[in-house]
Amino acid sequence: MEEKIQEKAVMSLPRIGEPAPEFKAVTTQGDINFPSDYKGSWVILFSHPADFTPVCTSEFMTFASMEKKFNEANCKLVGLSVDGLYSHIAWLRTIKEKIEYKGMKDVEVMFPLIEDITMEVANKYGMIQPGEASTKAVRAVFFIDPKGIIRTIIYYPLSLGRNFDELYRVLIGLKTADEFGVALPADWRPGDDVIVPTAGSCGTAKERMESKGEMHCYDWFFCTKKLDEDKVWKAVLKK
Ligand code: BEZ
């Protein structure tokens, strides 16, 4: 029987730049139609392996504590595991009522948590990676833009909790790159220099190398300029 279910499962591995696969689901906050319910805002769809497990609990407490920050950057959070709705509800209640961890307590998870007992959504999003586990989702993170396009995908294994400051940095970085038409160097944070897109012609390349203005060129293909931190926050927090 289990084999039959596996046979029927539509397994796919969505890619960056593609539309987020559509699905309808039951969540702890009611039914959702994804991604159409989220058009106009960024959304992070993430999976966790199982309710009532320690790494996942630490992650949910951290993500829920940071939700306001993500919302202020016009980004909504949606969780998923292959557990059922009543397990989700019981686990989130336990987190709120009983768990105190690293100064976080009384943490209420307000974002929707999808029940996916058939693994339909997890399979559609490549969250089931059998080399790691065939009955649980890995820790997948999909950043989806206001047009419903997947912009970044990050996977973590079962044994390693995510770095939520990094997830926030990715969101702010994606929005900054879009807003200012720039690229961002290694370890970029708001206030750091940004990369000016590569010159399209020799003339422009020469101009760039000779530029004494706002740009700093390390070579013809690698030019940066300052981007004021306040300008970044103003742009990324407005939408
Ligand atoms: C955890 O969240 O602690 C966990 C979940 C599944 C497998 C291993 C660890």
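How far is an oxygen atom of the ligand from a polar backbone atom of P54? The distance is 3.3 Å. The model is predicted, with local features needing pLDDT of at least 70 and side-chain atom pairs pLDDT 80 or more, while totals for chains, interfaces and linings use all residues. Residues are numbered from 1 along each chain as its sequence is written, and side-chain values use heavy atoms, with hydrogens and water left out.

View 1. Helices (H or I, at least four residues) and strands (E, at least two) are DSSP runs, numbered from the N terminus.

View 2. A polar contact is a pair of N or O atoms within 3.5 Å. A polar backbone atom of C56 is 2.9 Å from an oxygen atom of the ligand. From the side chain of R139, a polar atom lies 3.1 Å from a ligand oxygen. Of the 270 Å² of accessible area that the ligand has on its own, the protein covers 78%; areas come from the Shrake-Rupley method with a 1.4 Å probe.

**View 3. The salt bridge of E59 and R139.** A salt bridge is a side-chain nitrogen of Lys or Arg within 4 Å of a carboxyl oxygen of Asp or Glu, and by this rule the count is nine. In one of them, the side chains of E59 and R139 meet at 2.9 Å, N to O. E59 is in helix α2 and R139 in strand β6 (residues 139–144), so the pair, 80 residues apart, links distant parts of the chain. E59 is buried at 2% relative accessibility, and R139 is buried with a relative accessible area of 2%. Buried means under 20% relative accessible area, exposed over 50%, and partly exposed in between (1.4 Å probe, protein chains only).

**View 4. The salt bridge of R151 and D145.** The closest N and O atoms of R151 and D145 are 3.2 Å apart. R151 is partly exposed at 22% relative accessible area, whereas D145 is buried at 9%.

Note on methods: Polar contact = N/O pair within 3.5 Å; in protein donor to acceptor, adjacent residues only side chain to side chain.
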